[in-house]
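Trainee: Could you show me how to read burial, contacts and surface patches in a model such as this one?

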Amino acid sequence: MKLQDMIGLAVFDVEDGKQIGKIHDFMVTADWRITGIELEGKGLFSSHVKMVAWDDIVAYGEDAIMIRNQQAVRKTEAHDIQHTYLLGPGKLKDLSVLTEEGLMLGHISDVYFDQEMGNNIIGLEISDGFVSDIIEGRKWLPCTEDMSIGENAVMVPPLSEQRLEKAIYSVNG
């Protein structure tokens, strides 16, 4: 699954069948794990976000995310969140992907995870620009332990460009 496809999905409480909100963003650690979801509804001047820890998600699919109950929704200080997928100062989307030799592979356009593998991010979808995406399609780079998230770029090991594959779901099909 791709994180971008899950943004905006409804979040339901399994106990009451009540819609709690919609996914606004994902929280990610430096070791490429999803730790939780952020729900829509942060106040304009609030420093808190409403989040649900990954462990409190009981199921997720193409149409909705199911959480244990309403108590799973917690307020968290926004500045305590290390990395996110879509928004904020530590966001992954649009971050440059550079090899340690200084070769620019492109920018992150999406993040993949495997439902059967839990919350581990398995790969990055990389865009090399709109025209290149149309002509060649986006690329997919499998995540490895030696990839690191920096302030302005994701640093990947030497020869990572040789591990690039055609994206599973690219712009041109």
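Trainee: Where is Asn152 found, and is Asn152 buried or exposed?

Mentor: Bear in mind that this is a predicted model. Asn152 is found in the loop that runs between β13 (148-149) and β14 (153-156), and because its relative accessible area of 60% is over the 50% cut-off, Asn152 counts as exposed.

Trainee: Which residues does Asn152 touch, not counting residues up to four places away in sequence?

Mentor: With those sequence neighbours left out, Asn152 touches Leu95 and Ser96.

Trainee: Is His83 buried or exposed?

Mentor: His83, which lies in strand β8 (residues 83-84), has a relative accessible area of 10%, and because this is under the 20% cut-off, His83 is buried. Not counting residues up to four places away in sequence, His83 touches Phe26, Met27, Val28, Thr29, Ala30, Gly90 and Ile149.

Trainee: Which residues form a nonpolar patch on the surface?

Mentor: That patch is formed by Phe130, Val131, Ile134 and Ile135, which together have about 450 Å² of accessible area. One of them, Phe130, is found in helix α2 (residues 130-136), and Phe130 counts as exposed because its relative accessibility is 64%.

Definitions and conventions
Residues numbered from 1 in each chain as written. Predicted model: local features only at pLDDT ≥ 70, side-chain atom pairs only at ≥ 80, totals over all residues. Heavy atoms only, no water. Helix = DSSP H or I, 4+ residues; strand = E, 2+ residues; numbered from the N terminus. Buried < 20%, exposed > 50% of the residue type's maximum accessible area, 1.4 Å probe, protein only. Contact = heavy atoms within 4.5 Å. Patch = residues over 30% accessible without salt bridge, like charges linked within 9 Å, V, L, I, M, F, W, Y side chains within 5 Å. Areas by Shrake-Rupley, 256 points an atom, 1.4 Å probe, with all protein chains shown as cover. Salt bridge = Lys/Arg side-chain N within 4 Å of Asp/Glu carboxyl O.
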